[in-house]
Amino acid sequence: MSTLVVIGVQWGDEGKGKVVDLLAREADIIVRFQGGNNAGHTLVVDGQKTVVRLIPSGVLHAGKVCVIGNGVVVDPQVLVEEIDTLQQQGCLTDPALLKISETAHLIMPYHKAIDLARERLRGEGRIGTTGRGIGPTYEDKMARVGIRFVDLLDEKIFSEKLAHNLQEKNIYLGAILQEQALDYRQIFDRYCHLRTRLAPYITNTSRYLHQEISRGRKVLFEGAQGTMLDVDHGTYPYVTSSNTVAGAVCAGAGIAPRHIHNVIGISKAYTTRVGSGPFPTELFGPEGEKLRRDGGEFGTVTGRPRRCGWFDAVVVRTAARLNGLTSLALTKIDVLSGLPTLRICTGYQYRGQHYDEVPASTTVLENLTPLYEDLPGWDEPLTGIRSLDALPGNARRYVERIEELVGVPVKMISVGAGREETILIRPSFF
Ligand code: GDP
């Protein structure tokens, strides 16, 4: 058993960065397979905070190979900045430690301009995009007009594709979105410069991964966002523009389904959501404020306050089935200390119908009644605790109840932001 997929099972920001960083110790190779630089993982190692947006979180471990798979959309400017920052910290000194798929699509300046202008025009109806051009880049990929790294490597092809695309995008930007046209020469020169910086890393990552998995090397696939943001299975249209479920590893990294062995789901011990969209267990009073304050629930990249609510077993149960979870990691349980009663949502009710999984209809999701079970809370701080036995009885009961309701064993509990602030229950993951 040599591969492990790490998936967020809520609406993202589950603390995947920390868990992946921890699991990466056991892995040889860490791979991203979807999303773009809207991910933003925060890693705290020896008190030093690092935010990585594109490069897999395993990058802080010496000697691990990091792979950006074909399913990721890449802003080359952001990638170069990230490489520079990491190199200043003494990481990524050997170019062989980073591999970028030659068929990953490039985020272009017009994608960002379109993203921002559309969100501005939406006004009240905005979908909460981070404006980094990720959605428009995926649109172009599907429309078969995207530009890939392999195109960037060939100056003539890149020039032709850019000129062709820009002609159309400038008409769209001007006539529909009331934006300035973008300059071909400026983009061309900038991207040619970026090409020289990134060329050493560009390769056939699908083939590389196949070879390494066949050799028995341990490969960790790092999901971005969360299952409820999956473009097919999430709370559409309030979703991201890629598939975030475990199945997306095959297409987004170019590996066969039989090479997926273990899938660990990351869930907070409560629920958060950024931006608009249905959120059945959302809290609006002082309890929500407490979670936001104690959990530091503000976006890593955007700084936006996150909406907070009770743990929703319906969401995580749905995600467990979709991803085929073999285990669960529960994060930020320390944030719950001090709440006298904790509520867990066990099901939904809408117009006399009971739901044990997340319904597809936005109308149902926005108007349903969550069914709660109340559990007693605890006052003790949990951050110093390193074993299950040392947890207060009520905290243990809370974890056990989540296991029962979701039907997946909890293998890891995170009690603080630091690497060491973790309870490993079943310490083998691969
Ligand atoms: P990700 O994108 O899923 O990695 O989520 P974030 O980057 O938003 O991480 C969540 C935040 O919570 C970061 O600031 C982490 O350092 C922090 N964090 C992670 N695990 C824990 C935990 O168990 N307890 C506390 N208090 N903070 C945590």
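Trainee: Which residues lie nearest the centre of the second largest pocket, and how many line it?

Mentor: Rolling a probe the size of a water molecule over the atoms shows where empty space is left. A pocket is an open set of points on a 1 Å grid over the protein atoms alone, where a 1.4 Å probe fits, with protein on both sides within 12 Å along at least five of seven lines; lining residues have an atom within 4 Å of a point. Here 13 residues line the second largest pocket, with His233, Gly234, Val358, Pro359 and Ala360 nearest its centre. Its space is about 150 Å³, a volume being the space filled by probe spheres set on the points, which are joined across faces, edges and corners. Helix α11 (residues 313–323) gives the largest share of the lining, 3 residues. This is a predicted model: local features need pLDDT of at least 70, side-chain atom pairs count only at pLDDT 80 or more, and totals for chains, interfaces and linings use all residues. Residues are numbered from 1 along each chain as its sequence is written, and side-chain values use heavy atoms, leaving out hydrogens and water.

Trainee: How many of the lining residues are nonpolar, polar and charged?

Mentor: Ala, Val, Leu, Ile, Met, Phe, Trp, Tyr, Cys and Pro count as nonpolar, Asp, Glu, Lys and Arg as charged, and the others, Gly among them, as polar. The lining has 7 nonpolar, 4 polar and 2 charged residues.

Trainee: At what angle do α3 and α4 cross?

Mentor: Two packed helices are described by the angle between their axes and the distance between the axes. Axes are lines fitted to C-alpha atoms, for helices over the stretch in contact, and angles run from 0 to 180 degrees between N-to-C directions. Helices are DSSP runs (H or I, at least four residues), as are strands (E, at least two), numbered from the N terminus. The axes of α3 (residues 109–122) and α4 (residues 134–142) cross at roughly 120° and come within 7 Å. The two helices are therefore oblique to each other; angles under 35 degrees count as roughly parallel, over 145 as roughly antiparallel, 65 to 115 as roughly perpendicular and the rest as oblique.

Trainee: Which residues of α3 and α4 meet?

Mentor: Contact means heavy atoms within 4.5 Å. Tyr110, His111, Ile114, Asp115 and Arg118 of α3 meet Ile134, Gly135, Pro136, Thr137, Glu139 and Asp140 of α4. That contact has 4 nonpolar, 3 polar and 4 charged residues.

Trainee: Where is there a cis peptide bond?

Mentor: Most residues other than glycine have a negative phi, and most peptide bonds are trans. Tyr236 and Pro237 are joined by a cis bond, with omega about 5°.
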